[in-house]
Amino acid sequence: MSLSRPPYDSREDLSNVDVQLREADGRLRVFPRVQPLFALPPRQRRGPAVRLVPGQWVRWQLNYRFSSALGIRDWTYWLDTFNIAYGPVDADAFLSAPTVFIDECGPLR
């Protein structure tokens with residue numbers, strides 16, 4: 001069994017985050033990308049992007065399963081949680097329920 005590390009939070013430069021963000025007509029379009037390398041669990045059809053108005057925020061979760069290079073070691077599991085706000089929000093906004101919650105976690109077995 002793989003050793004797991006505890007959850008952590010981070011802030012990244014937008015160029016390092018695999019999320020499409022587009023602003024148009026006073027809304028922010030949010031859509032995380034899933035690379036072919038991260039195709040497990042299989043995602044048959046993904047839902048549409050989310051469009052936020054100022055003051056709203058989305059929590060988007062995606063999970064992944066990885067095997068070792070030769071498939072002889074245990075699986076490794078990964079959960080990404082994106083909390084993305086549009087415009088000014090309270091400092092503790094991410095501690096409350098999101099305006100929009102997208103759960104794209106699939107079966108890992």
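**Exercise 1. Identify the residue of β3 that stands opposite V30, and describe the sheet around this pair.**

Solution. In this predicted model, V30 faces V50, a residue of β3. β2 covers residues 27-32 and β3 covers residues 50-52. These two strands run antiparallel to each other and are joined over 3 bridges. The sheet to which they belong is open and consists of 3 strands in the order β1-β2-β3, with antiparallel pairing. Its edges are formed by β1 and β3, each of which pairs on one side only. On average, neighbouring strands here are turned by 25° against each other, direction ignored.

**Exercise 2. Decide whether V58 is buried or exposed, and list its contacts.**

Solution. First, locate the residue: V58 belongs to strand β4. Second, consider its accessibility. The relative accessible area of V58 is 1%, and the cut-off for a buried residue is under 20%; V58 is therefore buried. Third, collect its contacts, not counting residues up to four places away in sequence: V58 touches V30, V50, L52, F82, N83, I84, V100 and I102. This list includes V30 and V50, the two residues that stand opposite each other in Exercise 1. Finally, compare sequence with space: V58 and T99 are separated by 41 residues along the chain, yet their C-alpha atoms are 6.0 Å apart.

**Exercise 3. State how many salt bridges the structure holds, and describe where their partners lie.**

Solution. There are 2 salt bridges in the structure.

- D18 pairs with R33, with 2.9 Å between the closest N and O atoms. The partners are 15 residues apart and link distant parts of the chain: D18 is in the segment before β1 (19-24), while R33 is in the loop between β2 and β3. D18 is partly exposed, at a relative accessible area of 29%. R33 is likewise partly exposed, at 33%.
- E104 pairs with R46 at an N to O distance of 2.7 Å. This pair also links distant parts of the chain, 58 residues apart, with E104 in strand β6 (residues 100-104) and R46 in the loop between β2 and β3. Both E104 and R46 are buried.

**Exercise 4. Classify W75 by location and accessibility, and give its C-alpha distance to R65.**

Solution. W75 is found in the loop that joins β4 (57-66) and β5 (76-85). Its relative accessible area is 38%. As to the distance, W75 and R65 lie 10 residues apart in sequence, and their C-alpha atoms are separated by 6.6 Å in space.

Note on methods. Residues are numbered from 1 along each chain as its sequence is written. This is a predicted model: local features need pLDDT of at least 70, side-chain atom pairs count only at pLDDT 80 or more; totals for chains, interfaces and linings use all residues. Side-chain values use heavy atoms; hydrogens and water are left out. Helices (H or I, at least four residues) and strands (E, at least two) are DSSP runs, numbered from the N terminus. Buried means under 20% relative accessible area, exposed over 50%, partly exposed in between (1.4 Å probe, protein chains only). Contact means heavy atoms within 4.5 Å. A salt bridge is a side-chain nitrogen of Lys or Arg within 4 Å of a carboxyl oxygen of Asp or Glu. Two strands pair if DSSP finds at least two bridges between them. Axes are lines fitted to C-alpha atoms, for helices over the stretch in contact, and angles run from 0 to 180 degrees between N-to-C directions.
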